[in-house]
Amino acid sequence: MYARPLARLSDRTAAAAAEVLALAIPVECICCGAEDSALCGACARQVRLLTLRPFRAEAQAPALMDTDGSVLLPVVAAGAYRAELAQCLLSFKSHGQARLAGELARGLARALHAAAGPAEGLVLVPVPTSGAAFRKRGFSPVHLLLRRLVRGDEITGFTVADALRKTARPAPGPGTPELSPRVVMNGLRRAGGQKGLGRGARSRRVRGTMRARAGPWSPAVLGRTCIIVDDVLTTGATVAEAARALRAAGALVGGAVVLAATRPPATADGDASGPAVAGATGVK
Ligand SMILES: [Zn+2]
């Protein structure tokens with residue numbers, strides 16, 4: 001007696017799924033509009049070119065540099081946030097197309113290996129998405145890319161640990177390392193004017209918004225060397241907060257890896273494989 005309603009239900013589900021697929025998989029390239037797949041061959045090659053040489057990107061992020069020019073947290077970017085890479089990342093964050101995920105994941109893997117160098121046993125910690133962002137998209141872009149790399153066995157020598165979570169309200173614990181006011185001021189001077197004020201305000205707003213997961217099933221980061229993974233680096237406030245939360249939980253933070261940094265390196269010497277990122281000796 002249940003057979004008919006169930007059959008009808010599955011019909012409806014199949015129809016709904018087909019509708020969703022039609023919406024989610026455009027037949028046009030998201031970059032150039034060519035009728036192909038979500039990313040045409042030519043644009044896929046561009047994305048590959050844009051992520052061919054990972055580079056050190058922290059110098060452009062005011063929250064990650066001290067006033068004396070020393071690096072607070074080294075960051076390796078897969079590419080600059082522009083052209084096809086930016087387009088690809090934006091579209092992937094909104095719709096999660098598998099074709100884009102493949103290309104972005106390969107770029108991310110290159111950056112991860114460049115950052116790690118010969119170091120092994122590193123723990124990759126994705127920056128947690130806000131509950132609102134997750135509800136809106138139904139997935140977390142960085143988590144999805146990392147899962148894809150692990151599944152495809154494309155990154156070796158890493159463990160992925162979803163060790164951070166967003167907190168309801170900013171409340172940094174006592175004794176946890178924080179960015180000094182002069183660091184923020186440095187950021188303001190660097191950026192200058194209104195934009196700079198926005199960056200300082202962003203640092204303040206982000207601080208205390210993450211915490212390491214606690215409980216018996218949470219991934220252990222105590223004493224482990226972690227690499228923070230995020231999608232786009234702008235002011236660096238988000239990865240700085242992730243580093244603060246991980247250090248508060250007893251982790252060693254080797255640096256961060258991002259898919260794209262908002263500006264290309266100012267100088268040509270932005271070699272990604274500096275020992276400061278994740279190298280055992282470079283961990284501060
Ligand atoms: Zn195209």
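In which sense do strand S1 (residues 55-56) and S2 pair, and over how many bridges? The two strands pair in the antiparallel sense, over two bridges; strands are DSSP runs of type E with at least two residues, helices are runs of H or I with at least four, and both are numbered from the N terminus. Two strands are taken to pair if DSSP finds at least two bridges between them. The structure is a predicted model, in which local features need pLDDT of at least 70 and side-chain atom pairs count only at pLDDT 80 or more, while totals for chains, interfaces and linings use all residues. Residues are numbered from 1 along each chain as its sequence is written, and side-chain values use heavy atoms, with hydrogens and water left out.

Strand S2 covers residues 75-80. Val-76 in S2 is the bridge partner of Arg-56. S2 is also joined by five bridges to strand S8 (residues 252-261), and these two strands run parallel. S2 is largely enclosed by the rest of the structure, because six of its six residues are buried. Buried means under 20% relative accessible area, exposed means over 50%, and partly exposed lies in between, calculated with a 1.4 Å probe on protein chains only.

Within S2 lies Gly-79, which counts as buried because its relative accessibility is 0%. Neighbours within four places in sequence set aside, Gly-79 is in contact with Leu-50, Thr-51, Phe-55, Leu-85, Leu-259, Ala-260 and Ala-261; contact means heavy atoms within 4.5 Å. Leu-50 is 29 residues from Gly-79 along the chain, and the C-alpha atoms of the two are separated by 5.6 Å.

A zinc ion is coordinated at 2.3 Å by the SG atoms of Cys-29, Cys-32, Cys-40 and Cys-43. Donors are N, O and S atoms within 2.8 Å of the metal (3.2 Å for Na, K and Ca), and sites may look incomplete because water is not among the atoms. Along the chain the donors follow the spacing C-x2-C-x7-C-x2-C. Cys-32 is partly exposed, at 47% relative accessibility, whereas Cys-43 is buried, at 6%. The site is tetrahedral, with angles of 104 to 116 degrees among the four donor atoms; four donors count as tetrahedral if all angles lie between 85 and 135 degrees.

Helix H4 (residues 98-116) has 19 residues and reaches 26 Å from its first C-alpha to its last, close to the 27 Å expected at 1.5 Å a residue. The expected span is 1.5 Å times one less than the number of residues. H4 is mostly covered, with 14 of its 19 residues buried. Gly-117 follows H4 and has a positive phi, near 60 degrees.

Positive phi values also occur in residues other than glycine, including Ala-83, near 45 degrees, and Asp-153, near 60 degrees. Ala-83 is placed in helix H3 (residues 83-95) and is partly exposed, at 41% relative accessibility. Asp-153 is in the loop between helix H6 (141-151) and strand S4 (158-160), and counts as exposed because its relative accessibility is 59%.

Technical notes:
Four donors count as tetrahedral if all angles lie between 85 and 135 degrees; four count as square planar and six as octahedral if opposite donors are over 155 degrees apart and all others between 65 and 115; anything else is irregular.
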